[in-house]
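These notebook entries record what I looked up in one structure. I began with charged pairs and then turned to other features.

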Amino acid sequence: MLSKYLRRSDLAVVRVNHGELLFGRWRHAPQVRDLNVTATAIRIDSAANADPGRIAYARAWLLNTGQLSAPFDPPFYQASSAHVHLDTNSQQLVFSDMLLKPQFSPIGMNLHKGYQAPAVTIKLKALTLAGLAFKGLVEHGDFRLKRVTVQSPVVTIASDGRGPINPNRSKISPEEMLNLPVIIDVPRLDLVNGNLYSTYRSPLTPLTGTMNINRFNGTFYNLSNDRRHQTAARPLTGKASTYLQNQCRLDAQVSMYLLDPKGRHRIWGAFGPGPFAMLNSMTVPTKLVEFKSGKAQRIRFDMRADRQGTTGTMWTEYSGLQMELLGYKNEEVKKTLIKRVISKAVNVVVIRDQNPRKRGKLVTGEMKSTREPRFSVFALWRQGVVSGLFNNVGVPQKIAQKLSESKDEAPLPK
């Protein structure tokens, strides 16, 4: 705009103090409160625009704000950050006290979208982007940086199984990195002290099941879709530790070539020790299955996955396993006579109460499950673990696979 009137403009310093900013016509229009910006050595002409040492015509930008808020996937979510700090000299961008909040309940999300869609809440103490190449971000939208730290994330996923399955292919899948229109290049990603809380209401009963993953800490290397950095010989790798239901430790590793169109990757690790009964908070209300007794000393797994499904091996060392099939009647979960008879038969004929078996042989389980492209890769991992666990305790492989792939689907409530 200035080129119509001026050949060149120079400004030593530009400051904005305690401003407010609102973009009214954008679908994801942000709103910024208490905006404080300092730009130094601004030169506006064609040469400055091409100068690699300048970002948006300035030698340096320093920004601090109060609350930043914006709609996300409107009208379903609202995103905000209590504070934002940006410094191009130190190549740092920090968001403090971030929040992604759903505008509807789980069943409200289903009703508005017409299919099953979870209500996801995300809270972060801080998101720090260090070594960020601001010029590439401003000019091309590329995220090239040295390190990302996600501090104390708390994720709550609330789902309702009433409604048809999402008809769209899931975007949360490794091969989707090929479809990103911008470059993401993160040599190191740290997740520090995270917690995930999931709730689920199945069509089987109106009772809500709960499952938690606590104290998650992980470090991941080479999260990139830059073909110079992401190769089959140098894929994304990572290690993580967490606790299932805050009781059973899980240590896992991942190797994932993000530019493989077949989405092939490997996950391996170990659970334990822990009681099987810790799963009852989810299995009883949603599947009407109770773990009466049993303790796992250690569960090791080695799983390979791709766009077709999962394969792998599970080694489950446990003792005293007994299961109970339940019924639901008169708004109450009950142990009915018929279910007791079936449960006894299952425990005697199908379920093996210990591993190693009585002769000392450690029997393995087959992790095999078919990929549902409408579900995220996390659902695929869960399917693989469930199929391997069922098969390892005595359930025939084909039945174990079918149980792992079961999909809850029911009419939307009126």
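This is a predicted model: local features need pLDDT of at least 70, side-chain atom pairs count only at pLDDT 80 or more; totals for chains, interfaces and linings use all residues.

**Entry 1. Salt bridges**

I then asked how many salt bridges a search of the whole structure finds. The search gives 21.

I next looked up Arg144 and Asp226, whose side chains meet in a salt bridge at 2.7 Å, N to O. Arg144 is partly exposed, at 26% relative accessibility, whereas Asp226 is buried, at 6%. I also recorded that Arg144 and Asp226 are linked with Asp185 and Arg228 in a network of salt bridges.

The last pair in this entry is Lys292 and Glu324, with a salt bridge of 3.6 Å, N to O, between their side chains. This pair also links distant parts of the chain: Lys292 is in strand 17 (residues 289–305) and Glu324 in strand 18, 32 residues apart. Glu324 is buried, with a relative accessible area of 7%.

**Entry 2. The cavity**

How many cavities of 30 Å³ or more does the structure hold? I found one, and I noted a volume of about 40 Å³ for the largest cavity. The lining of the largest cavity consists of Phe276, Phe291, Leu321, Met323, Leu389, Phe390 and Val393. Strand 18 (309–325) and helix 6 (377–392) are the elements that give two or more residues to this lining. Sorted by class, the lining has seven nonpolar residues, no polar residues and no charged residues.

**Entry 3. Two loop residues**

I looked up Asn355 in the loop between helix 5 (337–350) and strand 21 (364–366). Is Asn355 buried or exposed? Asn355 is buried, because its relative accessible area is 1%. Its side chain reaches the backbone oxygen of Thr316 at 2.7 Å. Leaving aside neighbours within four places in sequence, I listed the contacts of Asn355, among them Glu317, Tyr318, Lys361 and Asn392.

I then went to Lys262, in the loop between strand 14 (248–256) and strand 15 (265–271). Lys262 and Ala305 are 43 residues apart in sequence, and their C-alpha atoms are 9.5 Å apart in space. With neighbours within four places in sequence left aside, Lys262 is in contact with Asp306 and Arg307.

**Entry 4. Helix 4**

I examined the cover of helix 4 (residues 280–287) and found it mostly covered, with six of its eight residues buried. The buried residues of helix 4 are Asn280, Met282, Thr283, Val284, Pro285 and Thr286. I asked which strands these residues pack against. They pack against strand 11 (184–201), strand 12, strand 17 and strand 20 (332–334). Leu288 follows helix 4 and has a positive phi, near 55 degrees.

**Entry 5. Backbone geometry**

For background, I noted that most residues other than glycine have a negative phi, and that most peptide bonds are trans. I then looked up departures from this.

The peptide bond from Pro74 to Pro75 is cis, with omega near 5 degrees. Pro75 lies in the loop between strand 4 (68–72) and strand 5 (77–87). I recorded another cis peptide bond between Gly272 and Pro273, with omega about -10 degrees. Pro273 is in the loop between strand 15 and strand 16 (274–275).

Asn222 is not a glycine, yet has a positive phi of about 65 degrees. Asn222 is in strand 12 and is buried, with a relative accessible area of 6%. Gln245 is likewise not a glycine and has a positive phi, about 55 degrees. Gln245 is in the loop between strand 13 and strand 14, and it is buried at a relative accessible area of 13%.

Technical notes: Residues are numbered from 1 along each chain as its sequence is written. Side-chain values use heavy atoms; hydrogens and water are left out. On a 1 Å grid over the protein atoms alone, a cavity is a set of points where a 1.4 Å probe fits but cannot get out, and a pocket is an open set with protein on both sides within 12 Å along at least five of seven lines; lining residues have an atom within 4 Å of a point. Grid points are joined across faces, edges and corners, and a volume is the space filled by probe spheres set on the points. Helices (H or I, at least four residues) and strands (E, at least two) are DSSP runs, numbered from the N terminus. Ala, Val, Leu, Ile, Met, Phe, Trp, Tyr, Cys and Pro count as nonpolar, Asp, Glu, Lys and Arg as charged, and the others, Gly among them, as polar. A salt bridge is a side-chain nitrogen of Lys or Arg within 4 Å of a carboxyl oxygen of Asp or Glu. Buried means under 20% relative accessible area, exposed over 50%, partly exposed in between (1.4 Å probe, protein chains only). A polar contact is a pair of N or O atoms within 3.5 Å; within protein, one must be able to donate a hydrogen and the other to accept it, and residues adjacent in sequence count only if both atoms are side-chain atoms. Contact means heavy atoms within 4.5 Å.
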